[in-house]
Amino acid sequence: MVYLDYSATTPVLPEVLDSYNKVTEEYFGNPNSLHGLGIKSHELLESAYTQISELLNIKRQEFVITSGATEANNLAILGVCNTYKRYGNRIVVSRMEHPSIYGICKHLEKQGFIIDYVDVTEEGVVDFDDLKRKVTRDTILVSICAVNSETGARQPLKTVRQVIRKNNENCILHSDMTQAIGKVNVSIQDADLASMSGHKIYGPKGIGLLYKNKNLVLTPLMYGVHEGELHPGTPPLPLIVSFAKALRLALKDIQKKEEIVRKFNEKIVAHLSEYKNVLINSSKYCIPHILNISLMDIKPETFIHALEADEVYVSSNTACSSLEPSASVYNMYKDEIRSKTTIRISLSYLTLPSEVTIFLESFDKHYQELANLK
């Protein structure tokens, strides 16, 4: 099997799974209980929280454990809007966001908020002139992802923040960092709010995190025992401990891992560039882990299933909108056919050279077959 869909989800590393199993078996006491088993679990929970704080260089009170990035996005955006709506009703988002962001925006429009969408350049980077125009005194929040999930386009968040603050010093910046953290060096503090998910960094599904600057106040989406608690309920200790371990392993030797991925990316690009009707959509501003291409004369779902016959797995675009036209590619190139024929190849430091070779051989074989049929 050749798995090249790491941006959709990653396998759980054996050592992370070991941590999950050990905690499940040995620390089953409720961390909120006062007896010995509960205290034992509580101590492990605090240890995991400390590790997460140190790894992300943030304070304990600056992050909330969630069920994943989608919940973190909801908590961030809805939490800000419900708290700060008296200051304005405008929100700015880029045209390169994950579908979960646009789902939240549609809901907010029904509540009377105005959503302004920022254009991007052909390289997939935010158009700063358009951003300047869109951020007004009534804009309370800007949400721009750190790395686009379809093309890998990386946004310069420090510059984004500077532009925002020049127009409105009180405007809050949220960033979905799900596709960035654990792949490339990025500071979670480049934004006021940042989302991430465990299953993108070789951890389990069902666990994520929202970073929240300590000066911000968010209105909770759910309510429990304690007033103002942003994620009420019994802490899922096995998930939190394994998430902390996955995060530590993901950040270890991150630059070396990125270089491994970059070499694979360059080899694939060099090979596929020989095809006249295969267009490379990822630009120089894209991280090497995500390579987006368009097969201008073949339906992507047909090609995906052809590769699958060889046990080679890629996707069309983000898993949450698979087989839909790529909005990100369309907003970069304004080419409808190009946006409807995308294939996303997502790589990992775990990818083997032999797997890249198998993928390219399978690509050549099926491309020739399907092109001839057309």
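**Values and definitions**

Modeller: D119 is partly exposed, with a relative accessible area of 31%. The model is predicted, so local features need pLDDT of at least 70 and side-chain atom pairs pLDDT 80 or more, whereas totals for chains, interfaces and linings use all residues. Residues are numbered from 1 along each chain as its sequence is written, and side-chain values use heavy atoms, without hydrogens and water.

Biologist: Why is D119 called partly exposed?

Modeller: Buried means under 20% relative accessible area, exposed over 50%, and partly exposed in between (1.4 Å probe, protein chains only). D119 has 31%, so D119 is partly exposed.

Biologist: What makes the pair of D119 and R95 a salt bridge?

Modeller: The term requires a side-chain nitrogen of Lys or Arg within 4 Å of a carboxyl oxygen of Asp or Glu. The side chains of D119 and R95 meet at 3.0 Å, N to O, so the pair qualifies. D119 lies in the loop between β4 (114-118) and α5 (128-134) and R95 in the loop between β3 (90-94) and α4 (99-110), so the pair ties together parts that are 24 residues apart in sequence.

Biologist: How do you know whether D192 is buried or exposed?

Modeller: The relative accessible area of D192 is 6%, so D192 is buried. D192 also forms a salt bridge with R165 (2.8 Å, N to O). R165, at 31% relative accessibility, counts as partly exposed.

Biologist: What makes I52 a contact of F63?

Modeller: Contact means heavy atoms within 4.5 Å. I52 is in contact with residues including F63, I65 and L209.

Notes. Helices (H or I, at least four residues) and strands (E, at least two) are DSSP runs, numbered from the N terminus. Lists of a residue's contacts leave out its neighbours within four places in sequence.
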